[in-house]
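Trainee: I am new to this molecule and would like to understand the terms used for it as well as the values. Please take me through them slowly, setting each value against its definition.

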Amino acid sequence: MKNSSLKGQPKFRSNKERLSAFLRLFKKQDQVLILIVADPDSLASALAVKKLLQGKVQKVTISNVNEIKRLNNQVMVSSLKIPLTPFKPSLLTQHNKFILVDSQPTHQEVFKTVKFNAVIDHHPLTSGWSADYVDIRPDYGATATILYEYLKTAKLRPGIRLATAMVYAIKTDTNNFEKSAKTQDVLAFQYFYRYMNRHLLHKIECSDLRRSELKYFKIALENLKYVQKRAFTFVGKVLNADILVVIADFLNKVYETSWVFVAGECKKKLVVIVRCDGYRKDAGKLVSRAFKHLGSAGGHKEKARAEIPFENLGISPEEFTTHTLINLLKKHFRRLQKREAPLI
Ligand SMILES: [Mn+2]
């Protein structure tokens, strides 16, 4: 195991030993605060930890340090009735034990100020922190899968809401098993699937956009230009860049489209969302070459994203059009085509 280098991460002979070491951290009179950067996996994992500690401590509070903007996540919280308290520093004095799930103390400034009793996560291990109890498994597709083992070992059967949250978490973090899933993720998925409610899951998964965002589809289609099989559109100002992702995923379904570029203005930045099938193409490489020197850019073979402050582009958002977007990318296609023909 790569993570054996982390001091304080003990080796256990069995899941039972591991679970009892975790539970030994807590006493009946404890007030436990679980901190998360709320997303499907951290929300589900926090619920699972709350279930593990139920009846064993006096109180468990789940607190999100980020604002939940994504509609799917808002619907997850409301439809699964996940009890959440937005973070405020006074929570730290109102609790005496602290747990971090699906994240590490180095990931957020506010986490660095907390002395965590337990950290359970699946992100690559970072250094420069410690906790009484550490369980980091970077080879797991989701933290929810790690917590599946805890729940099974504790012989705790999940209720409908926890099971639905766990299924959604595993689906989201493994991108529907398209990436980084291991056998344990599949086993956990199968297990929770039996106890979940598929209508609730469907409701969360289908909540991609607000009615007020439909207008952006109209603008995107009106401004859509094809150059060969590449689709380009500039949507103008949007309140939340998530809508650009929804539009890009939609255009990527159109037959005989090899690349999709959807751009918009969000918080004085040009946000560009790129989609392709990833077959002999590399969206991440393309955006890095085109935009890295101007802002942040990167991604995978089939999906990528760039965010560039308009001031670095030397053009105002008002002057920007779909043609500007095409011109920004055109030369990079030409460059790449010469060097690496398979990109197109
Ligand atoms: Mn995760």
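Mentor: Let us begin with the elements: helices (H or I, at least four residues) and strands (E, at least two) are DSSP runs, numbered from the N terminus. By that naming, F333 is found in helix α13, residues 322–339. The model is a predicted one, in which local features need pLDDT of at least 70 and side-chain atom pairs count only at pLDDT 80 or more, while totals for chains, interfaces and linings use all residues. Residues are numbered from 1 along each chain as its sequence is written, and side-chain values use heavy atoms, with hydrogens and water left out.

Trainee: How do you know whether F333 is buried or exposed?

Mentor: Buried means under 20% relative accessible area, exposed means over 50%, and partly exposed is in between, using a 1.4 Å probe and protein chains only. F333 has a relative accessible area of 4%, so it is buried. Although F333 and L286 are 47 residues apart in sequence, their C-alpha atoms are 8.0 Å apart in space.

Trainee: Which residues are called protein donors of the manganese ion?

Mentor: Donors are N, O and S atoms within 2.8 Å of the metal (3.2 Å for Na, K and Ca), and because water is not among the atoms, sites may look incomplete. D41 (OD), D102 (OD), H122 (NE2) and D173 (OD) lie 2.1 to 2.3 Å from the manganese ion, so they meet the limit for donors. Along the sequence these donor residues are spaced D-x60-D-x19-H-x50-D. Distant parts of the chain are linked by D102, in the loop between β4 (97–101) and β5 (118–121), and D173, in helix α6, which are 71 residues apart.

Trainee: How do you describe the packing of helices α5 and α6?

Mentor: Two packed helices are described by the angle between their axes and the distance between the axes. Axes are lines fitted to C-alpha atoms, for helices over the stretch in contact, and angles run from 0 to 180 degrees between N-to-C directions. The axes of α5 (residues 143–153) and α6 (residues 160–173) come within 9 Å and cross at roughly 145°. A144, T145, L147, Y148 and L151 of α5 make the contact with L162, M166, A169 and I170 of α6.

Trainee: What makes a residue of that contact nonpolar, polar or charged?

Mentor: Ala, Val, Leu, Ile, Met, Phe, Trp, Tyr, Cys and Pro count as nonpolar, Asp, Glu, Lys and Arg as charged, and the others, Gly among them, as polar. The residues of the contact of α5 with α6 accordingly divide into 8 nonpolar, 1 polar and no charged.

Trainee: Why is the aromatic pair of F189 and Y193 called tilted?

Mentor: Rings of Phe, Tyr and Trp (its six-membered ring) pair if their centres lie within 6.5 Å, and planes under 30 degrees apart count as stacked, over 60 as edge-to-face and the rest as tilted. By this rule the count comes to 16 aromatic pairs. F189 and Y193 are 5.5 Å apart, centre to centre, with 40° between the planes, and therefore the pair is tilted. Both residues lie in helix α7 (residues 183–193), 4 residues apart, about one turn of the helix. F189 counts as buried because its relative accessibility is 18%, whereas Y193, at 42%, counts as partly exposed.

Key: Contact = heavy atoms within 4.5 Å.
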